Amino acid sequence: MAKLAVLTDKVLTFFEEWTLFITVMVAMISLFFNVILRYGFSYSLSWSEELVREVILYTTFIGCSVAIKNGSTVRIDALVQLVPVLKFPLAMFSHLVNLAFAAVMIYFGIQLAIMQVESKQSTLILDIPTVYLFAILPLMGFLMVVRVLIVMREEINARRAESRS
Amino acid sequence: MDIDVIIILLLLLGAMAAYVPVYMALFFTGLLGFVFFAPETQTLMLVQGFFKSMDNFALVVVLFFILCGNIMTAGSIVEKLIKVVNSLVSWLPGGLGMAGCLGCGLFGAISGSTVATVVALGGFMIPALIRNGYSEKYAVGLMTTSPNLGIIIPPSISMILYCMITNVSLQGLFLTGFVPGVLIMASVCVFSYWTYRDSTTVVRMPVPNLREVLVVFREGFWSLMLPVIIFVGTFSGMFTANEAAVVACVYAFIVELLIHKTMKFRDVKKVVVNSAVTSATLLIIVAGATCFGRYLTFESVPAKIAETVIANIDSPLMFLIMINFFLLVVGMFMDVISATLIIGPVLIPLLPTFNIDFMHFGLLMTVNLAIGYCTPPVGVSMYIAGAIANKNILFVSRAVLPFLIIQLAVLFVMTYFPELVLWLPKAMGFWEAIDTSFPAL
């Protein structure tokens, strides 16, 4: 079980980090070249804006899954800071909410993606079928489920070790 | 107001207090509102709205300004900027304190968030101040409150989002941030001078000669050019905000990798991934707030609140005082981004009635919510600074008081003398008379 958790974590981290890195760099370089082309060659790339918008979609939704692992999701910790006893139960509660959220994303994300296939929609300039974009939602949901389970496991183990000592 | 709206609002507050991630609290309460009180609306549409709200070119700027700030902190640009400031003021009484505050301002001129600034600058300024004979109380108070300059001085993420929901000129709103920023920095410098004017314990540097200053400036030249590129690029109309952020990132990468050589190529991936994740955690709140906003508009909550407010408050002055107080409390509990996105759309429709300028209000919201970050007992910055300096919250609460008073004083001046903040965008041609078009979220 422990081995499986470590292995999944590694595979997911590899996938998430490299895709995030590549998409952000592509967005940065295409926007930068757009500036250079405009001032140097009076030419403008028509597709760079669309590409960058899609990159933001990807990084935002996939980044949220990484944020679960890093514990960097934005939450209001006023209550937890003032009453530390509540931290563990509330953290568990928020993990459950997170699982529910992931389920919603998977279920409705797949439906939305199917709708895109049926209507054969694609983006305006780059002509990317929108099903690929909407597929980010179920992908995010799936990554989230795995991440939340790994984090829950770690937190419960830490809690047990604490109460033993 | 209707009972169902109140139930949903209480649910939202409850979920947020219960440590549920902000965006999920927003998404689920919006969803519940629709499912229970307006079943004919499809969940599918709400999920689609959640997704589509991220398909927005204006959001790109958030990612790249965060990236730029992270490159600077990972490399040596921040350090060099502090050195430059330090060489200018460290010979004055209280000089290192001034340098800390001015450094936060400069850092804020590139990054756009508070928490990042507390971590980046507090981490080495607090020990440095204590080592040089400043009192712990002063050091902690200074470095807890000064990072607020990060969101007040442009570029600022909360200002970007405010512009997104109101269509105010982004450049113009950025410009309004300079006046309060400079006022706060100046007041803190005077306060430091006053506190340490006769002190014998504080280490004071000798007055630097011109050559020494020149050497530091030459060393810091490449770092100093970064804010120059951002400001000149954006305010001259050469770049859009997105392009300015991207150009700044490319420039920062080139400086750190090729000129300062403090960053290795393998660090690049780490910095990029971290920035993508940080921007994701902030942007997803926009998506959550969009869903919740749809529910609020569906129930016409903004209109109802407007009616109540207009019926009970009749002077713009009273309105602004109420808003100041309200936002200060909100800022204590909520981060600036969620607060701007949730409360902005409710308050903004009220502005034309009280004849308050949209741009002015954007600045007020930003400064007001920023101050909430370090207001006892629950401001986020206080906990971070407390953790860095190993002090409990009571100590930090007492330490921030004098600085808090300075910032509040500046806020009140800004609130009641709108011309003081609006002359700059007006002079640069970025200000437009109020358009009463209803903002949409």
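Is Glu243(B) buried or exposed? Glu243(B) counts as buried, at 7% relative accessibility. Buried means under 20% relative accessible area, exposed means over 50%, and partly exposed is in between, with a 1.4 Å probe and protein chains only. I'll come back to Glu243(B) and its partner.

Some ground rules. This is a predicted model, where local features need pLDDT of at least 70 and side-chain atom pairs count only at pLDDT 80 or more, while totals for chains, interfaces and linings use all residues. Residues are numbered from 1 along each chain as its sequence is written, chains are lettered from A and ligands numbered from 1 in the order in which they are written, and side-chain values use heavy atoms, with hydrogens and water left out.

Start with chain B. Chain B has 23 helices and 0 strands. Helices (H or I, at least four residues) and strands (E, at least two) are DSSP runs, numbered from the N terminus. The radius of gyration of chain B is 22 Å, close to the 22 Å from the globule rule for 441 residues, so chain B is as compact as a globular protein of that length. That radius is taken over C-alpha atoms, and the rule is 2.2 Å times the number of residues to the power 0.38. Along the principal axes, the C-alpha atoms of chain B fill a box of roughly 75 × 45 × 45 Å. Of its 441 residues, 61% count as buried. Now take contacts (heavy atoms within 4.5 Å). Among those in chain B between residues at least 6 apart in sequence, 79% join residues at least 24 apart.

Next, the interface. Here 52 residues of chain B are in contact with 59 residues of chain A. The two chains bury about 5400 Å² between them, with 82% of it on carbon and sulfur atoms. Buried area is the accessible area (1.4 Å probe) that two parts lose on being put together, summed over both.

How many salt bridges are there between chain B and chain A? The count is 3. A salt bridge is a side-chain nitrogen of Lys or Arg within 4 Å of a carboxyl oxygen of Asp or Glu. Which parts of chain B touch chain A? Helices H1, H2, H3, H4, H14 and H15 of chain B each supply at least two residues of that side. H15(B) gives the largest share, 12 residues. By class, the side has 43 nonpolar, 4 polar and 5 charged residues. Ala, Val, Leu, Ile, Met, Phe, Trp, Tyr, Cys and Pro count as nonpolar, Asp, Glu, Lys and Arg as charged, and the others, Gly among them, as polar.

Now the pairs. Arg38(A) forms a salt bridge with Glu243(B), with the closest N and O atoms 2.7 Å apart. Arg38(A) lies in helix H1 of chain A and Glu243(B) in helix H14 of chain B, so the pair joins two chains. Arg38(A) is partly exposed, at 30% relative accessible area.

Lys269(B) meets Glu17(A) in a salt bridge at 3.3 Å, N to O. This pair crosses from helix H15 of chain B to helix H1 (residues 2–41) of chain A. Glu17(A) is partly exposed, at 24%.

Last, Arg53(A). Its side chain meets that of Asp55(B) in a salt bridge, 2.7 Å from N to O. Arg53(A) also bridges to Glu49(A), at 3.7 Å. Arg53(A) and Glu49(A) are 4 residues apart in helix H2 (residues 48–70) of chain A, so about one helical turn separates them. Arg53(A) is partly exposed, at 22%.
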